[in-house]
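Thanks for making the time this morning. I would like to walk through one model with you, a few places at a time, and then say where I would stop reading.

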Amino acid sequence: LLAGTTYGLRVTFDGMVFDQTELGVDEESYGLAWVAAPYETLYWKGASNGTWSGLSRNWGADSGTNAATDAVTTALDQLVIAPGTNASISLLIDGPQMARSLSISNGLVTLGGTNDAAVNLQNGGLHVGSGVVGTTAVMSNVSLFLSGEQGWTNASSYDLTVAGVIAGQGDLALRSSADGGILLSGFVNHSGVLVNSGTGSATNRISGVIGTNVTSIYQQSATSRLVLSGSNSFTGTVHVDAGTLELSGPGGALSQAAAIGVSAGATLLLSSGGQVKDSANITLSGGTILRGSGVSEVFGNLHVAQASFLDFGSGSPGTLVFGLYTPSALLSVSNFLPGNTLVFGSDLSSVINDGSLFSFSNGFNSTWSGGNFTITAIPEAGTWIAVALLITAGLFVRAPNSRSALGNFLFP
């Protein structure tokens, strides 16, 4: 709907019609006309430790400091909290409120709540501006309900932290455009997808539990990493389309997820083990699974749609286990140093040495036994030669009054 435009709902011989036509009553149709109300931008004018109750007239349409406080908020309003440079506001939300969007443009803002405090956000979303001078906090006693698809943005160098429940309906996109992250530590359980799609360098983190109402998780930012560290009950699909999705914490970040896909140039980083459901199907379409130091992980069946990568990383060795695998594209295994192990649930004896299907950075041994095809890393031949030379050289080294056995034999 366009603000200020007259719309009409008419009943005609051909059915019900909704359009912009000026309405009049005649022998062919009759109906009702109205003018679409414009969205209004309102600024907080209350005290720096005031209460937003939805009843008090503590918002104003003028951004100036001396503007009258005469507005009560509605679901159509775009709300702005701007305490000023280096100023702060601790706003108490009393009961459920509604807004088209909520923006914090500068200063330092904390939102707390009482009486089942909640903000029902329409598709305008939640925003932190570049003028913010510290962490913007939505406390755990404030719930945020989505009413439509929306983006939450952070253009500052400081984090936006949301500790309360996130519920409602609509897709939610996290968009950091600078180096300040978006941190969700409460229960995330809206009905819709969850997307990380910012253009900044920030790391966005979700340490709260992601619930079963969330249908899919997308990592779409090439520059902003998303870290999942909660023990999530999420059962949907995961799409790593760009950048890095990191699984960290005590375990279980994707312990119930049905499937994971990693696209070309994207990375699934395993910073700790026990993160993925053992039966989760994995599809690599040019992407990389990167193992952190000492990490071991069990996956479901593997499908490699185009040349992709398994990177065992640096540090302590570990084991990656996959279910069934039928090779159809090149799988390159890098940093496969001694102590590391790769296991498949399919017998790959006939194809493991096919250079068009497998590429290993180090030598390996492989065996098929008990339903497992196990590949273990071994030192390269050059390493054995170097060790042999060192041992041989050591036979000629002796203390001042002693000889090696080989030295005595050669030089009696």
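**A buried asparagine, a tryptophan group and a sheet**

Let me begin with N232 and its surroundings: leaving aside the neighbours within four places in sequence, N232 is in contact with G208, V209, I210, G252, A253, S255 and Q256. What we have here is a predicted model, and in it N232 sits in the loop that runs between β19 (225-228) and β20 (237-240). Is N232 buried or exposed? Its relative accessibility is 3%, and since buried means under 20%, N232 counts as buried.

Now to the aromatic residues, where the count comes to 11 aromatic pairs. In the pair of W44 and W59, the ring centres are 5.1 Å apart and the planes stand at 75 degrees, so this pair is edge-to-face. Because W44 belongs to strand β4 (residues 41-44) and W59 to strand β6 (residues 59-60), the pair ties together parts that are 15 residues apart in sequence. W44 is buried, at a relative accessible area of 8%, and W59, at 0% relative accessibility, counts as buried too. W59 also pairs with W52, with ring centres 5.4 Å apart and planes at 70 degrees, so that this pair is likewise edge-to-face; W52 itself counts as buried at 1% relative accessibility.

Five strands make up an open sheet of mixed pairing, in the order β26-β29-β31-β34-β33, and its edge strands, each pairing on one side only, are β26 (297-298) and β33 (363-369). Within it, β31 (residues 341-344) pairs with β34 (residues 372-378) in the antiparallel sense over four bridges.

Finally, how far does the confidence carry us? The chain averages a pLDDT of 88, and 82% of the residues score at least 70. Over residues 23-30, however, pLDDT stays under 50, and the model has 18 contacts beyond four places in sequence for that stretch; residues 395-412 also stay under 50, with 10 such contacts. Where pLDDT is low, the predicted coordinates should not be read in detail.

Note on methods. Residues are numbered from 1 along each chain as its sequence is written. This is a predicted model: local features need pLDDT of at least 70, side-chain atom pairs count only at pLDDT 80 or more; totals for chains, interfaces and linings use all residues. Side-chain values use heavy atoms; hydrogens and water are left out. Helices (H or I, at least four residues) and strands (E, at least two) are DSSP runs, numbered from the N terminus. Buried means under 20% relative accessible area, exposed over 50%, partly exposed in between (1.4 Å probe, protein chains only). Contact means heavy atoms within 4.5 Å. Two strands pair if DSSP finds at least two bridges between them. pLDDT is the predictor's confidence in each residue, from 0 to 100. Rings of Phe, Tyr and Trp (its six-membered ring) pair if their centres lie within 6.5 Å; planes under 30 degrees apart count as stacked, over 60 as edge-to-face and the rest as tilted.
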